[in-house]
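The exercises below go through one structure step by step. Try each task before reading its solution.

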Amino acid sequence: MNISMGISSLSVVNGSALPRHNWTREEAQALYDLPFPDLVFQAQSIHRTSFDPNHVETASLLSIKTGGCAEDCGYCSQSAHYKTDVKATKLMAHDDVVATARRAKESGAGRFCMAAAWRNPKEKDLERICHMVSAVKELGMETCATLGMLTREQADKLRAAGLDFYNHNVDTSPEFYGKIITTRTLQDRIETLAHARESGLKVCCGGIVGMGEQVEDRLGMLVLLANLAEHPESVPINQWNEVKGVPVNATAEAPDPIAFVRMIAVARIMMPKSVVRLSAGRQYMSDEMQALCMLAGANSIFIGDVLLTTKNPQTTKDAALLERLGMTSRFDEVATDKASPVSSRAI
C-alpha cells in the first residue's frame with residue numbers, strides 16, 4: 001500500500017474519510033516516517049473532509065476535587081503516593097462550580113469539563129456531581145467529566161443528568177503503561193470507556209507524551225485508540241508537565257516539536273472524525289509549533305490560566321494567536337455579543 005500519495009490509507013466516500021478500526025503498528029510507523037510535507041498535506045487533506053479547517057473548539061477544565069488520589073500514576077501531582085506541592089481538597093461547592101462555568105463561557109469556552117481526583121466516585125459524591133452537570137448544561141454549554149473508573153450504573157446516572165462527554169485517558173501504549181501505573185490496569189480503563197459508551201456518553205480519550213516513552217509507544221497509543229470499536233469523539237494529546245516529587249521526572253524528556261506535530265498528524269489520519277485537542281503542556285509550545293499542530297489537524301484547545309494543577313497559556317494569548325492565524329472559535333462569538341447593543345442592554 002502506497003500511503004505517501006493522496007489519502008490512500010483511508011476510504012473516501014462522498015468527500016468524507018471513513019474511519020478504520022484495523023490499523024497496524026507498521027502502518028502507523030510508515031505514516032509517521034513520511035517526509036514532513038507529505039505527512040502534513042495528507043493530514044490536512046483528511047482534516048478537511050470532516051471539519052472546518054479554520055475553526056478551533058474551545059473548552060475549559062476545572063478541578064472540582066483536587067489531590068489525595070489513591071492511584072499511583074507516576075506523572076500525577078494529585079497522587080497520594082507522592083510528596084508534591086498539591087494539597088488534597090474536598091469536593092467544591094455546587095454554586096462555585098456553576099459560577100466558574102459561567103465565567104468560562106463568558107471567556108469563550110464552549111465545553112466545560114469537571115475533573116475529580118478519585119480512583120472512582122462514591123455514590124454520595126456522584127449525586128452532587130450530577131446536580132452540577134445539570135446546572136452547567138442549563139448554561140448552554142457542552143458538559144464533560146473525568147472522575148476515575150465508572151460502573152455502567154454510574155455512567156447511566158451521569159448521562160441522565162445531561163453529561164455529554166466522559167474523559168478517561170489510556171495515557172500511553174500497552175507496553176509502556178505498566179511502567180507508569182500499577183494501581184489500575186489498562187483493561188480497567190477500557191472497561192470504563194465501554195461503560196460510558198453503553199450509557200450513550202461520548203468519549204474523550206487520549207494520553208501523554210514526554211514521560212520517557214519511545215516513538216513506538218506514542219504510535220502504539222494511537223493504534224489502541226484507533227482500533228476501538230468506535231473512535232473517541234475527542235482525543236486529547238498532553239505534553240508532559242514537570243511536576244515536583246513524581247517518579248516520571250526521572251525519565252521525562254520533552255518531545256522534539258517536529259516529532260510532536262508528526263504525532264498530531266498521524267492521530268488526525270487514523271481518527272479522521274475525532275476532534276484532536278492540544279491539551280496540557282501548551283505553555284511550553286511556541287506559537288509556531290501550535291500553528292503547525294493545527295495545520296496537521298489539531299482543532300481543539302483548553303482555555304484558561306490553569307489546567308487542574310498545571311499552568312496554561314492565558315486566554316487573551318490564545319485569542320490573539322487564533323486571530324493572527326485567521327481561525328475562528330467561540331472567542332469570536334463572545335466578542336460579537338459584547339459588542340452588541342442588544343446584548344449590553346440585556347446584561
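Helices (H or I, at least four residues) and strands (E, at least two) are DSSP runs, numbered from the N terminus. The expected span of a helix is 1.5 Å times one less than its number of residues. The model is predicted: local features need pLDDT of at least 70, side-chain atom pairs count only at pLDDT 80 or more, and totals for chains, interfaces and linings use all residues. Residues are numbered from 1 along each chain as its sequence is written, and side-chain values use heavy atoms, with hydrogens and water left out.

**Exercise 1.** Compare the reach of helix α8 with its expected span, then find what its buried residues pack against.

Solution. Step one: α8 covers residues 215-226, twelve residues in all. From first C-alpha to last it reaches 17 Å, close to the 16 Å expected. Step two: apply the burial cut-offs, where buried means under 20% relative accessible area, exposed over 50%, and partly exposed in between (1.4 Å probe, protein chains only). Ten of the twelve residues of α8 are buried, so the helix is largely enclosed by the rest of the structure. Among them are Asp-217, Arg-218 and Met-221. Step three: look for contacts, meaning heavy atoms within 4.5 Å. The buried residues of α8 pack against α1 (25-32), α6 (174-177), α7 (186-198), β8 (207-209), β9 (234-239) and α9 (257-270).

**Exercise 2.** Describe the place of Asp-171 and the residues around it.

Solution. Asp-171 is in the loop between β6 (165-167) and α6. Its relative accessible area is 2%, so Asp-171 is buried. Is Pro-232 buried or exposed, and which residues does Pro-232 touch?

Solution. Pro-232 lies in the loop between α8 and β9. At 1% relative accessibility, Pro-232 counts as buried. Apart from residues up to four places away in sequence, Pro-232 touches Arg-197, Val-203, Cys-205, Leu-225, Met-271 and Ser-274. Pro-232 and Gly-206 are 26 residues apart in sequence, with their C-alpha atoms 8.4 Å apart.

**Exercise 3.** Which residues of helix α4 are buried, and what covers them?

Solution. Helix α4 (residues 123-138) has 16 residues and reaches 23 Å, close to the 22 Å expected. Its buried residues are Asp-125, Leu-126, Ile-129, Cys-130, Met-132, Val-133, Ala-135 and Val-136. Their cover includes β3 (57-65), α3 (94-107), β4 (111-116), β5 (142-146) and α5 (152-161). Just after α4, Gly-140 takes a positive phi of about 90°.

**Exercise 4.** Find where a charge sits over a ring.

Solution. The test asks for NZ of Lys or CZ of Arg within 6 Å of the ring centre and within 35 degrees of the ring normal. Arg-262 lies over the face of Tyr-32, at 5.8 Å from the ring centre. The charged end of Arg-277 sits over the ring of Phe-302, 4.6 Å from its centre.

**Exercise 5.** How many helices and strands does the protein chain have, and what share of its residues is buried?

Solution. The chain has 13 helices and 13 strands. Of its 347 residues, 57% are buried.
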